[in-house]
Amino acid sequence: MTSNGVFDPKRDDNQFNVLLVEDDHVFRGLIAKNLRRRGLNVREAENGLVAKTILELVDNVFHVVISDVRMPEMDGVALLKHVRSTSKVPFIVMTGFSELIEARNAFELGATEFLPKPVKTEALLEAISRCLTPPSAREEAPRQTDTLRVDEFCQIHVDEFISTTSLRSDIYLKLGEKFVKVAHKGDSVPIDRLKKYQASSVDYLYVRVEEFRNYVNLNIQVSNVISQSNVIAKEAKLRVLKHTAEIITETCFRDGFDKVICDSASRVVLDTVRLVGDDRDILSVLANMHSGANRLYVHSVAVSVFSTMIAKAVGWASMTTQFKASACGLFHDIGKRELDPEILDKKRILLSLEEVKALESHVVRGRNILRQLPSLPEDVGEVAYQHHENFNGTGYPHAIKGDQIHPMARVVRVADLFVGMLFPVNDEDRLEPAAAVKKIEKIYEGEIDPQFLRGLAKALNVPLEVPRDFGKRVG
Ligand SMILES: [Fe+2]
């Protein structure tokens, strides 16, 4: 203990007592040596059982316990359980990517800190410092992992986790309100464990927003390779493309976007649409997509897909036009990234007048954002601006009608309504595709351009009340 009784990672006279539990003796020796250099008294134990015996012999001596998870005789979680039955001594768990489930159990049992393996001395000293510094003395301390905010992370569904031989980013697990780093950039990913995580309700892994781009870039590469492969099943291709589109959208919504991301986004969506062709597999893929991921991203990807489907169904055969449809759908709501998420989650009828005004401003914001991107066709910004205009002149921002509205904005309007019913804010309002098409026909008939509803109905093979000329060419 230093003269003032506070642990100081920079000093070498920290005379606190540490119990270090680790079965790898080389690793244990290394950590012990580094801690002793700072003046700590380190007692070593080769597994949980030995540690338990030491604790029983010399109770209340240790200021902190540092333990590995997987060990013979008695593992770290069992040791923690034992320790917590009698004491509140700070307990630091050293855990790896393959030990996420154990880490979660340890969190529930009251572990104080988590450190990803391989443990770095600096990080360990900081964790010890947090354990041994009274909360009142912590104000000047640098911000720690467990105080990072939710919006500083991007979540990745375990099921969608595309692994390579090594991780491109540090990986975090959310334990209660804390984000715990469980794997370092460069670690290898044990794919077989991923399935087990899901079975144990570890559904999401997290990466820091600033590192998310590495993950996105990796996915773009993977999806390019996969979409061109002849041997990969269509279902698997769709999943990858869908996930890539989702994370690209997430990036755009969070950070804005540059040329690379923006080109990739449209290409991935177009690949997806090409892959799906004219059959209906896309519906089941989109239905699966509904679970978990951020609603706004799912909505954007889905609107993109259905806009492209409508474009195809009404006979817009050129790839350029279909590309435009997919990009317009993907970015139609990009202006919402500047709005308070609370407004976005509320039902429209519950919004105050100011909130409605703010919500409706997303069309102007969207156009402004998209105008800054010369690599996107100009229409994409215009469509974002007009996608809430109604065919009968009752929409916003300008209440223009009929042919005054950009044709692609009329397409997106239909896709947007449809997707809103398929994946609504409240699950109980959710409609099946056929029911959604019919509801649009019944309730929004004047507001939408009927030729594009017919296109949607044709693409989905849903009969409308009054059968119409589906094949009509419009552009
Ligand atoms: Fe919108």
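# A tour from an aromatic pair to a parallel sheet

Select Phe-179 and Tyr-206: both are buried (under 20% relative accessible area with a 1.4 Å probe, protein chains only; exposed is over 50%, partly exposed in between). This is a predicted model, in which local features need pLDDT of at least 70 and side-chain atom pairs count only at pLDDT 80 or more, while totals for chains, interfaces and linings use all residues. Residues are numbered from 1 along each chain as its sequence is written, and side-chain values use heavy atoms, with hydrogens and water left out.

**Aromatic pairs**

Stay on the rings of Phe-306 and Phe-418: their centres are 4.9 Å apart and their planes at 80°, so this pair is edge-to-face (rings of Phe, Tyr and Trp, the last by its six-membered ring, pair if their centres lie within 6.5 Å; planes under 30 degrees apart are stacked, over 60 edge-to-face, the rest tilted). Phe-306 lies in helix H11 (residues 295-313) and Phe-418 in helix H17 (residues 407-422), so the pair ties together parts 112 residues apart in sequence. Helices (H or I, at least four residues) and strands (E, at least two) are DSSP runs, numbered from the N terminus. Both Phe-306 and Phe-418 are buried.

**The sheet**

Next, show strands E2-E1-E3-E4-E5, which in that order form an open sheet with parallel pairing (two strands pair if DSSP finds at least two bridges between them). At its edges are strand E2 (41-45) and strand E5 (113-116), each pairing on one side only. Inside the sheet, select strand E3 (residues 64-68) and strand E4 (residues 91-95), which pair in the parallel sense over four bridges. Here Ser-67 stands opposite Val-93 in E4.

**Helix H3**

Now select helix H3 (residues 76-86), where Gly-76, Val-77, Leu-79, Leu-80 and Val-83 are buried. Seen down the axis of H3, these buried residues fall within an arc of 155°, so they line one face of the helix (the arc is that of the directions from the helix axis to the C-beta atoms). Lys-81, Ser-85 and Thr-86, on the other side of H3, are exposed. The cover over the buried residues of H3 includes E1, helix H2 (48-57), E3, E4 and helix H4 (100-109).

**Helix H14**

Last, go to Glu-355 in helix H14 (residues 353-360). Leaving out residues up to four places away in sequence, Glu-355 touches Ile-343, Lys-346 and Leu-350 (contact means heavy atoms within 4.5 Å).
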